[in-house]
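Please read the following note alongside the sequence and the model.

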Amino acid sequence: MSLSDKAAELGAWGLENGHRALLAITGGRFPKRVLGMQTLELHTIGRTSGQRRSTMLTAPIYEPDRVVVVASKGGHSDNPDWYKNLAANPDVEITVDEVTSTWTATAASADEKSQLWPRITKAYSGYEGYQKRTDRDIPVVVLTPRRITG
């Protein structure tokens, strides 16, 4: 693993665990937003374990019927595990303000990403730096409410 990948992985780990610790200490009251973006907990099903997995993320675009997250992993050369999990099983849940709801995750097409990217980098310019740091095309994920049928 390259030094850049190690730094990206350590940074992502520190942000996620620091966020979880602050939420625990404040009884879920802080932080609701990070760098101006909505925070959320994404729940996926592990692609090999079949177990529920959770990760803390920020959403540069957060709307009632669409949430957009970026699989940046701080510019790491590999996609984050949560992205690999939702690619295998797009039925996910997100928790915001202690309310959990069901969503469907879809990787944005190249055209859709090109339309979303200016809004994403306006919300947090760091994503542009992450993209420059890696050779992989950082996936953008669009979450839409899942309609329960039956």
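1. Two strands pair if DSSP finds at least two bridges between them, and helices (H or I, at least four residues) and strands (E, at least two) are DSSP runs numbered from the N terminus. By this rule strand E2 (residues 37-45) and strand E6 (residues 91-96) pair in the antiparallel sense over 3 bridges, with Leu-42 standing opposite Ile-94 in E6.

2. This is a predicted model, in which local features need pLDDT of at least 70 and side-chain atom pairs count only at pLDDT 80 or more, whereas totals for chains, interfaces and linings use all residues. Residues are numbered from 1 along each chain as its sequence is written, and side-chain values use heavy atoms, with hydrogens and water left out.

3. E2 also runs antiparallel to strand E3 (residues 52-59), to which 8 bridges join it, and Thr-39 stands opposite Thr-58 in E3. The hairpin of E2 and E3 has 6 residues between the strands, and in this hairpin Gly-50 takes a positive phi near 75°.

4. Strand E2 is mostly covered, since 8 of its 9 residues are buried (under 20% relative accessible area, with exposed over 50% and partly exposed in between, for a 1.4 Å probe and protein chains only).

5. Asn-85 lies in helix H2 (residues 81-88), and Asn-85 counts as buried because its relative accessibility is 5%. Its side chain makes a polar contact (a pair of N or O atoms within 3.5 Å; within protein, one must be able to donate a hydrogen and the other to accept it, and residues adjacent in sequence count only if both atoms are side-chain atoms) with the side chain of Thr-44, at 3.3 Å. Leaving aside neighbours within four places in sequence, Asn-85 is in contact (heavy atoms within 4.5 Å) with Thr-44, Ile-45, Gly-46, Arg-47 and Arg-53.
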